[in-house]
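Here are my notes for your first look at this model. Keep the viewer open and follow the numbered points one by one.

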Amino acid sequence: MVEQLALYAVRSNTTSFTRLKALKYRELRKLYPRLPSHYAYTACQDASTRAKSFTKLKRLGLAEKEYPEVRSVTVWLDDHLWKLGGLTTIEVATHKGWLRVALEPHKQYWKYINRGWRLASEARIKLDKRGRQLIIFLTFTKDVEEYKPRGYLPVDVNENNATILVDGVALLFETSVEKLVLGYYYRRRRVQEKYDKLYGMESRIRRRVLRKLKERKRKSDLRWKLANIAVRAAKEKQFVVVLERLGKNPAREMINHVRDDQLRHRICQASFRGVQRAIEEKAREHGVPVAYVNPRNTSKLCPVHGTLIVYSNGCRVGKCIVGGELWHRDVVACINLLFKALRGDGSPAPSPARYNPLDGSPVPLGSTAIHDPTGIPKSLWTRWKSLEGELTHLKPLQNTL
């Protein structure tokens, strides 16, 4: 049903669900009379989504074929096609009536259930032919109270670190993604050279060895832990998380003028949007709003004078051409993100003097101190669960500095 509808939708340029349902519903009911009628509804929803995505890719010149190819199908279910039979079973409507299926929940399922979330009316199922089982995708909803923000918590994401500005203190969380990406790059290349020579490029042994590499899991672990720290800090202080407004594929724009193949690979694997998506997901889970600001020149302009900051080659500390202040690139990016968020909601930006605890001159944000963040090694912050614990651990370090 989905394959037929997707082809028809692209050929007739029909991407609206209601229009596609009006044109093809009766025909589907005649072709598949034994199926519950709501499968025709959900098939139209699935096909219209695929057709809309394919049409957009084709318009951008990214489609490889003339018409979409349906390689795998996840069956969409509405409230007429499934129901929960307790916490560990569900019932699905089929052509032979209601079918009871035992459910083996993921630990995330119990996490949401125990926190007061409830199941939404829609769900999806996918047939795993190799494992001879059904994979069930459930959606949870929760009623939240109105969030009244008291401030902003900017987050600046880079290749090897992420910086968070909280209560005037810039915390730089080291991620070392560059070493991670290059390490796995050279490991994959050694595996490919060895097994391609012995068994060929399509050998099963080669694929098995490559599957054992855990680059994706390690990067995902870093993203979710960092997102958890940032969102929990915003929740405790009732702040709004501020992020840069990036495009759908920011890496593609960054590598336009980069000729070094290794640097292009590092930029593509840094996953800037992946970190932001993790923060967005955690923010939705905790009911924390997220604000987006224009990232233009956030690390290039002095927040005091609005003039250019000059960086020497390879140095992350620059100097304002007017006031002579020394700025760390990640700190000034966070402060500018904060000021853009403050000005964006109609409020005047406060004096930037309160955001510099290291300044040693009588002039606010003077040039006697380099506005460096407090660096936190990856081996430390990946073990902590909240920013309050991190600030407690950092007090002896700050006193020493």
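1. About 150 Å³ of space lies in the largest cavity, and the structure holds one cavity of 30 Å³ or more. A cavity here is a set of points, on a 1 Å grid over the protein atoms alone, where a 1.4 Å probe fits but cannot get out, and lining residues have an atom within 4 Å of a point. The volume is the space filled by probe spheres set on the points, with grid points joined across faces, edges and corners. Of the 17 lining residues, Thr175, Val177, Arg223, Ala270 and Val275 are the closest to the centre of this cavity.

2. Please remember that this is a predicted model: local features need pLDDT of at least 70, side-chain atom pairs count only at pLDDT 80 or more, and totals for chains, interfaces and linings use all residues. Residues are numbered from 1 along each chain as its sequence is written, and side-chain values use heavy atoms, with hydrogens and water left out.

3. Which element gives the most to the lining of the largest cavity? That is H7, with four residues. Strand E8 (161-166), helix H7 (215-237) and helix H10 (272-286) each supply at least two lining residues; helices (H or I, at least four residues) and strands (E, at least two) are DSSP runs, numbered from the N terminus. By class, the lining has nine nonpolar, five polar and three charged residues. Nonpolar covers Ala, Val, Leu, Ile, Met, Phe, Trp, Tyr, Cys and Pro, charged covers Asp, Glu, Lys and Arg, and the others, Gly among them, count as polar.

4. Now for the pockets: a pocket is an open set of points with protein on both sides within 12 Å along at least five of seven lines. The largest pocket has a volume of about 970 Å³. Its lining has 30 residues, and Asn158, Met254, Ser299, Arg316 and Arg329 lie nearest its centre. Strand E7 (151-157), strand E10 (239-244), helix H9 (261-269), H10 and helix H11 (329-344) each give at least two residues to this lining. The lining divides into 13 nonpolar, eight polar and nine charged residues.

5. The second largest pocket holds about 670 Å³ of space. Among its 26 lining residues, Tyr39, Val73, Thr74, Val75 and Ile125 lie nearest the centre. Elements giving two or more residues include helix H3 (38-59), strand E1 (75-77) and strand E5 (118-128), and H3 gives the most, with four. This lining has 16 nonpolar, five polar and five charged residues.

6. Look next at the open sheet, where three strands run in the order E2-E3-E4 with antiparallel pairing; two strands pair if DSSP finds at least two bridges between them. Strand E2 (82-84) and strand E4 (97-102) are at the edges with a single partner strand each, so one side of each has no neighbour in the sheet. Strand E3 (residues 89-94) pairs with E4 over six bridges, and Ile90 has Val101 in E4 as its bridge partner.

7. Finally, the axes of helix H1 (residues 2-11) and helix H2 (residues 17-31) come within 12 Å and cross at roughly 145°. Axes are lines fitted to C-alpha atoms, for helices over the stretch in contact, and angles run from 0 to 180 degrees between N-to-C directions. The contact (heavy atoms within 4.5 Å) includes Leu5 and Tyr8 of H1 and Leu20 and Leu23 of H2. By class, seven nonpolar, one polar and one charged residues take part.
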